[in-house]
Amino acid sequence: MRKTNILWVDDEIDVLRAHILFLEEKDYDVETATNGLDAVEKVKENFYDIIFLDENMPGMTGLETLNHIKTISPNVPVVMITKSEEENIMDEAIGAKIADYLIKPVNPNQILLSIKKNIDQRRLVTRQTTSAYQMQFSEIGMRINDRLNFNEWIDIYRKLVYWEIELSGSDDNTMDEVLTMQKDDANKGFFKFFRDNYLSWLNKESDDRPLLSVDIFKQRIFPLLDAGKKVFVLVIDNLRFDQWRVISPVFETYFHVAAEELYFSILPTATMYARNAMFSGMMPSEIEKHYPDLWEDDDSEGNKNRHEEQLLIKQMERYRRKESLYFEKVSGVHRQGQTTENLKNILDNDLSVMVLNFVDMISHARTEMDMIRELANNEKAYRSLTLSWLNHSSLIEIIKILADKDIQVIITTDHGAIRVDNPVKVLGDRETNTNLRYTLGKNLNYKSKHVFEVRDPRDAYLPSRNVSTSYIFAHNKDFFIYPNNYNYFANYYKDTFQHGGISLEEIIVPLIRLVPKR
């Protein structure tokens, strides 16, 4: 194994001889320089894993030396060592992206800790993370097989997402397959739980059921308005909980997370059902009954969510709400000046709602474009692509300005998505709907163990084409394929992100309340 190469720059290097011997006994290679010019020449000629740099040297100062080193080798960690505790020197050094800052006199263990923190941290964190997950693996496994309530399933999902993100940040892939198997087991258990309880939840509004799509505005948004707050609701279509966890630090730069809740999407976990239910405060069959002109059938051509603003207005009218409303859907790149216009409208209205479709667009583009599939070839890459979009989106400008205003920010979604890999054949007549994670039609033929059946759509508050219509929903990583060109579509959709069915990733989704840090 290659030794760690260290460069130590100090005009009083002889005084540090004992420290250098200590590091050499720990099997580190240590080179020295007594001034900035020599240090810069050494960096030009050699590779170093870490550099210890005295700030107060004659001639070229430590900060000047640091700037030259970063020009030559921008990624090498540099630890600044100084006698001074002046704040401006600390600010300059940190601004120049030093890895650590030590105050003289330093002892050998401080140096050793700094080395481990900056060089060995990834290896040590990987080892610790793997060990910690191994310890929790059995506990999670036993809980999955218990009779859990919805809050306990939320807790299980939080733990699985936590470990998925922790393990994805390590260099050790040995536990990836184990975690995947445990997530599959969890989804099988969750499917049984959901199948046994979902229909009964729809007929009760109590603590005996989870928060559902239809509850969001009545139970979480309207109370904030009642308290005299201005509210901005950001609905990011198809945002999974793990994606939220990855992008949350961006928001936490400007806001405190006042509440991080998880709620249950209704079935189907698809935009035209779940999001329309959220904005209307009604289940799909109720929307169709009371507002037939605002409901688009599953077979309708074009946009099935074009009446969302009207549905929200109808919900506000039912609850006699008089607040002013601003509603905006953003599905592509903002035109010039649109962000300024959005901000003015958000600040001028009591309730503002913005729907962003970009994450959903990534999911669909990944299915249809090989390049996007390569960029987001697994869950880790899918999360990374979401974070990259956010960091370069016009939404950041809006978030920054809202952080200086007395506005409550709610971030949520309508449903999540799961990466599918197991095709399941479904037979039906010519009018059978051909969605990948749910299907409706009459005379459907399938293996019942693979699906959640709703023979009477009225039980699930779903629209019905005729008296023979039934719905079926896929679970875990299954996806429905139909007889026409079966093998082609089975291969085409395998390993794509889909939604509409029953899985932890699709059903349990984030609802976040942010308050400005100021």
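Let me begin with a definition: on a 1 Å grid over the protein atoms alone, a cavity is a set of points where a 1.4 Å probe fits but cannot get out, a pocket is an open set with protein on both sides within 12 Å along at least five of seven lines, and lining residues have an atom within 4 Å of a point. Grid points are joined across faces, edges and corners, and a volume is the space filled by probe spheres set on the points. The model is predicted: local features need pLDDT of at least 70, side-chain atom pairs count only at pLDDT 80 or more, and totals for chains, interfaces and linings use all residues. Residues are numbered from 1 along each chain as its sequence is written, and side-chain values use heavy atoms, with hydrogens and water left out.

The whole structure holds 2 cavities of 30 Å³ or more. The largest cavity has about 60 Å³ of space. Its lining includes E164, K183, R240 and D242. Helix 6, helix 7 and helix 19 (504-507) each give two or more residues to that lining, with helices being DSSP runs of H or I of at least four residues, strands runs of E of at least two, both numbered from the N terminus. Helix 6 provides the largest share, 4 residues.

The second largest cavity, at about 30 Å³, is lined by D429, E431, G441, K442, R465, N466 and T469.

Now to an open space. The second largest pocket has a volume of about 480 Å³. Of its 21 lining residues, E164, T180, N378, E379 and R419 lie nearest the centre. Which helix gives the most to this lining? Helix 7 does, with 6 residues.

A460 sits in the loop between strand 14 (451-454) and strand 15 (470-474). A460 counts as buried because its relative accessibility is 1%, where buried means under 20% relative accessible area, exposed over 50% and partly exposed in between, with a 1.4 Å probe and protein chains only. Beyond its neighbours within four places in sequence, A460 is in contact (heavy atoms within 4.5 Å) with L199, L202, M283 and V454.

In helix 17 (residues 395-402), L395, I396, I398, I399 and L402 are buried. Viewed down the axis of helix 17, these buried residues fall within an arc of 160°, so they line one face of the helix; the arc is that of the directions from the helix axis to the C-beta atoms.
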